[in-house]
Amino acid sequence: MGCYSAITKMIRRGKYLLLLFVWQLKAQQTNMYTQYTFNKAGLNPAASGTEVNQVYFYAIGLNRQWVGFDNAPLQNFFNFSYTLRPPRSYKHWQNFGFYVDNDQGGMIVNTSAYLSYTYHLLLRKTTILSYGVYAGIRQFSKSTGAFDANDPAVQKNKSDLFLYPDIIPGFRLTSKKIFMGVALKQITITRLKDFKGREIGSPSKLQPTIFFDYGHKISLSDHLLFMPSVAVNMPIIGPPNIDANVMYYYNNRVGGGLGLRNLSFASAAFQIRFWENISAGFAYSYPINKMRLSNQNSFEIIIGIVPNGMEAKT
């Protein structure tokens, strides 16, 4: 009886692991973060440099999902940018930077590196219209240990691919009370195949994806700010990934809130400003779908550090 129970548990775990890999491949070909407002410039190039007085910006982060599974999704990113301000007028300004991320989703590792350019135009006193673009390269490779190196099928396929150019245009509207942005992803790279026709495994498509985010800032008092927001990763073909968050910020120093992704994960976030220019955010996610039956300890953690305090929430 104990043996049967163990076998049943292994089969059930294997089934959900397979679903995890399929979902990761089909539905999350572009990265998504629970604290997307912390990594706004990584998701939309038009969000880079919206604070005209913030000359330098950097952010680092990591994301761990479904801890306990072998080859579970891992994500890391680093972002740096520099704002070039006009000497006298702040009616328009420019931002230059670069962004690097690494996404290990199951059997495939995706590493991307981009240069960015963003142009900001002040429409009103507190309303900014921004246009930005990422231009870079993506490397897809087999995850170490996920394949048997002696398997003829593995030896027959290329170990890694370099795909370029990857162009991501975006625009964003930012004001004192709202932010809204759109970015287009995977519009120049749509297949896991390089210019020489080489590919990893069977033919695979990369779905063009629209990223959209919107947030509204509501002042509840002189010290308390409430900010509901939503972010959508929507492939042209396939179901969208929808994140909805509500955050409270106290005295521009501490923040906390809750989130939901696709009725699949519930999350809690905590953000704190340590010093005048350094903030960090932490998020924990728990599966509320059938994934919890396989591993109740599955969770997601993301940490971001930015050098401008918590005032740059948009």
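Residues are numbered from 1 along each chain as its sequence is written. Because the model is predicted, local features need pLDDT of at least 70 and side-chain atom pairs count only at pLDDT 80 or more, while totals for chains, interfaces and linings use all residues, and side-chain values use heavy atoms, with hydrogens and water left out.

Begin by selecting Tyr58, Ile60, Phe78, Phe98, Val100 and Leu115, which form a nonpolar patch on the surface with about 490 Å² of accessible area together. Strand E1 (56-64) and strand E3 (92-105) are the elements that give two or more residues to this patch; strands here are DSSP runs of at least two residues, numbered from the N terminus. Next, pick out isoleucine 60, found in strand E1, which is partly exposed at a relative accessible area of 38%, where partly exposed lies between buried (under 20%) and exposed (over 50%), with a 1.4 Å probe and protein chains only.

Now move to strand E10 (residues 224-235), which runs antiparallel to strand E8 (residues 209-216) and is joined to E8 by 7 bridges; two strands pair if DSSP finds at least two bridges between them. Select glycine 215 to find serine 229 of E10 standing opposite.

Strand E9 (residues 218-219) also pairs with E10 in the antiparallel sense, over 2 bridges, and isoleucine 218 stands opposite phenylalanine 226 in E10.

Finally, select strand E11 (residues 241-250), which is antiparallel to E10 and joined to E10 by 10 bridges. Here phenylalanine 226 stands opposite tyrosine 248, and in the turn of the hairpin that E10 and E11 form, glycine 238 has a positive phi of about 125°.

Note on methods
Patch = residues over 30% accessible without salt bridge, like charges linked within 9 Å, V, L, I, M, F, W, Y side chains within 5 Å. Areas by Shrake-Rupley, 256 points an atom, 1.4 Å probe, with all protein chains shown as cover. Salt bridge = Lys/Arg side-chain N within 4 Å of Asp/Glu carboxyl O. Helix = DSSP H or I, 4+ residues; strand = E, 2+ residues; numbered from the N terminus.
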